[in-house]
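Q: Hi! I've just opened this one and I'm a bit lost. Can you walk me through it?
A: Happy to, let's take it step by step.

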Amino acid sequence: MATWVITGANRGLGLEFAKQLLDQGHTVVAGVRTPASMDLLHRNLTVLPLDVASTDSVQSFANEIKSITDSIDVLVNNAGIMDGRWQSLSEVDPELSLEVLNVNTIGPLRVAQALWPLLREASQAKVANISSLMGSIDDCMSGRSYAYRTSKSGLNMISKILSVEGKIDNISVTSYHPGWAMTDMGGKRAPVPVAQSVEGLIGLISKQNQNRSGRFFEYTGVELPW
Ligand SMILES: NC(=O)c1ccc[n+]([C@@H]2O[C@H](COP(=O)([O-])OP(=O)(O)OC[C@H]3O[C@@H](n4cnc5c(N)ncnc54)[C@H](OP(=O)(O)O)[C@@H]3O)[C@@H](O)[C@H]2O)c1
């Protein structure tokens, strides 16, 4: 059984990750902005405060984890925010755009940086970055959503860069698209049930290795174009 760290684990895909992993017998560290909002209790679950947009918060999170474990097997960078709904150029809010980039792109990098020493202690650690097909430049047919799309393209590049650095430490780093899933972010019209998306993602992350590092997959296993 492995130790998984999940960011943004109090609702949506993150909460489902925690539930399914605990059911499978894994140990889970949940990083959440408001620990009181975490509606899950389990002997193998530790809930810690984490705001991925704050370097101080990420550092405190890493220090807390170091006090409870010597190594981490899997980091799932799941926390993320939208930029409104399909904003056009005239609707772009530069301040909100900076926040989206901070949370969705720099957030996962901050967390990976802070937890890297613990990942290095596992024999074949994995970083799974929850990206989006909306970050695929090849797939950008419908345009709009400037900040969110850019934040996920940036996250994909960070996956690629980290995958190169990770080779030295045998840490694999892969981007995933969870599908259009029925969460607060995905909305009620989303066709993919949360449990199905996360089941697919956990299966893919479980077989993540150096060969699959630096690549981009949908929850179904289909490889996606950058
Ligand atoms: N649902 C989809 O269709 C879909 C499609 C493609 C990609 N994704 C990606 O999948 C991931 C999870 O999305 P979701 O659908 O589960 O979204 P969600 O239901 O809106 O949940 C987002 C989670 O991220 C957390 N979060 C936001 N900002 C944070 C911060 N600064 N620090 C720590 N946690 C923060 C939220 O915590 P609070 O409760 O404190 O706000 C919440 O737990 C995101 O990265 C998203 O971009 C989702």
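Q: Which helix gives the most to the shell around the ligand?
A: That's helix α1, residues 12-23, which supplies three residues to the shell. Keep in mind that this is a predicted model.

Q: And which residues come nearest to the ligand?
A: There are 30 residues around the ligand, and Gly8, Gly12, Gly80, Thr183 and Gly186 come nearest.

Q: Which residues make the contact?
A: From α1 you have Leu13, Glu16, Phe17, Gln20 and Leu21, and from α5 Val194, Ala195, Ser197, Val198, Glu199 and Ile202. Sorted by class, the contact of α1 with α5 has seven nonpolar, two polar and two charged residues.

Q: New topic: how many residues does the largest nonpolar core have?
A: The largest nonpolar core has 52 residues, and those with the most contacts inside it are Val5, Ile6, Leu75, Val76, Leu115 and Leu119. Helix α3, residues 94-120, gives the most to this core, with seven residues.

Q: What does Leu119 touch?
A: Leaving out residues up to four places away in sequence, Leu119 touches Ile72, Leu75, Ala125, Val127 and Ile171.

Note on methods:
Residues numbered from 1 in each chain as written. Predicted model: local features only at pLDDT ≥ 70, side-chain atom pairs only at ≥ 80, totals over all residues. Near = placed C-beta within 6 Å. Helix = DSSP H or I, 4+ residues; strand = E, 2+ residues; numbered from the N terminus. Core = buried A, V, L, I, M, F, W, Y, C linked by C-beta atoms within 7 Å. Buried ≥ 20, exposed ≤ 12 C-beta atoms within 10 Å, placed from the backbone. Contact = placed C-beta atoms within 7 Å. Nonpolar A, V, L, I, M, F, W, Y, C, P; charged D, E, K, R; others polar.
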